[in-house]
Amino acid sequence: MSFVQIPANIPRFFEIERENSLLLIPIEEVIRENIISLFRNVEIESISLFRITRNGDFTLEESEDMDANFLEEVKRKLMERKTGRVVRIEVEEGYSKWMLNSLLERWNLKFDSVFLVNRASMIDFTGFWQLVGSKRFRDRLPQIPEPVKPLSYPEDGRADIFEILKEKDILLHHPYNNIDSILDLIEKAADDPDVMAIKMTIYRLAKESRITKTLLKAAENGKHVSVLFEVKARFDEENNIREAKKNCRRQVALSSMESLISRPTPSCS
């Protein structure tokens, strides 16, 4: 029994242009039809498509030196997640019973952990994001509803938000109100000469975060920037660690350059 992993670094569908139509072929079907190229001089008994789900949860055991090695401990747990205990098998109908029994024995699972997928369906629906992002189907996508304007901030960014805050509070209700109001506040604070410091807590970040870029800009403008990252945000741990280190490295670099200013150098751990 051999395993052929579906490549994750190529598009989920193979696209073929034909006149006014576009054919989308799942990569697993391309592999299935050309499997003989991978196993020459071998008689293939069966080909079965399946996907496993591993337990991605982890707990951090507290110890005396937990604070000193916290990030290293999280990184170690993230590596273990890739080889964590298998808890579910999704398999396409028409599967090899011998193969499935072998997998159940290998991962010590009961048949209750097996989920059958219709042959005409797909195991991984996230591949359809390729269609959502395609320019060819842009006119077929449903219209995204416009965000509701905040009742206490009807100017929606056209007025100076600091001047409005001097007069009244602003209530934002997300996701119904646009997050741009928060981003505008941080961006204006990064440039405002009267702002001395920006302190905030971040739970999850986009990979190309507008907030991160603005905070780095504020640090470059000489403001004290303190951000508490939630490193244990589930399944966003790696991204948060990367963004936190990016901010910390930039802060240290700025502090080392501004030797004439009496300011403690931030520490990264």
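The structure described here is a predicted model. E90 has a relative accessibility of 10% and is therefore classed as buried. R88, with a relative accessibility of 29%, counts as partly exposed.

E90 and R88 form a salt bridge, in which the closest N and O atoms are 3.5 Å apart. Both residues also belong to a network of salt bridges that links R12, E28, R51, R88, E90 and D124.

## Salt bridges across the chain

The structure holds 15 salt bridges in total. One of them joins the side chains of E17 and R136, with an N to O distance of 3.0 Å. This pair connects distant parts of the chain, since E17 is located in strand β1 (residues 13–18) and R136 in the loop between α4 (129–132) and α5 (161–167), 119 residues apart.

The accessibility classes of the two partners can be stated separately. E17 is exposed, its relative accessible area being 54%. R136 is partly exposed, with a relative accessible area of 35%.

## Packing of α6 and α7

Helix α6 spans residues 180–191 and helix α7 spans residues 210–220; their axes come within 8 Å and cross at roughly 15°. Angles under 35 degrees count as roughly parallel, and α6 and α7 are therefore roughly parallel to each other. The crossing of α6 and α7 is left-handed.

On the α6 side, the contact comprises D180, L183, D184, I186, E187, A190 and D191; on the α7 side, R210, I211, T214, L215, K217 and A218 take part. By class, this contact of α6 with α7 has six nonpolar residues, one polar residue and six charged residues.

R210 lies in helix α7 and D184 in helix α6, so the pair ties together parts that are 26 residues apart in sequence. R210 counts as partly exposed, at 33% relative accessibility.

## Burial and the end of α7

Within α7, the buried residues are I211, T212, T214, L215, L216, A218 and A219. Among them, I211, T214, L215 and A218 also meet residues of α6. After α7 comes G222, which has a positive phi near 90°.

Conventions
Residues are numbered from 1 along each chain as its sequence is written. This is a predicted model: local features need pLDDT of at least 70, side-chain atom pairs count only at pLDDT 80 or more; totals for chains, interfaces and linings use all residues. Side-chain values use heavy atoms; hydrogens and water are left out. Axes are lines fitted to C-alpha atoms, for helices over the stretch in contact, and angles run from 0 to 180 degrees between N-to-C directions. Helices (H or I, at least four residues) and strands (E, at least two) are DSSP runs, numbered from the N terminus. Angles under 35 degrees count as roughly parallel, over 145 as roughly antiparallel, 65 to 115 as roughly perpendicular and the rest as oblique. A crossing is left-handed if the near helix is turned anticlockwise from the far one by less than a right angle, and right-handed if clockwise. Contact means heavy atoms within 4.5 Å. Ala, Val, Leu, Ile, Met, Phe, Trp, Tyr, Cys and Pro count as nonpolar, Asp, Glu, Lys and Arg as charged, and the others, Gly among them, as polar. Buried means under 20% relative accessible area, exposed over 50%, partly exposed in between (1.4 Å probe, protein chains only). A salt bridge is a side-chain nitrogen of Lys or Arg within 4 Å of a carboxyl oxygen of Asp or Glu.
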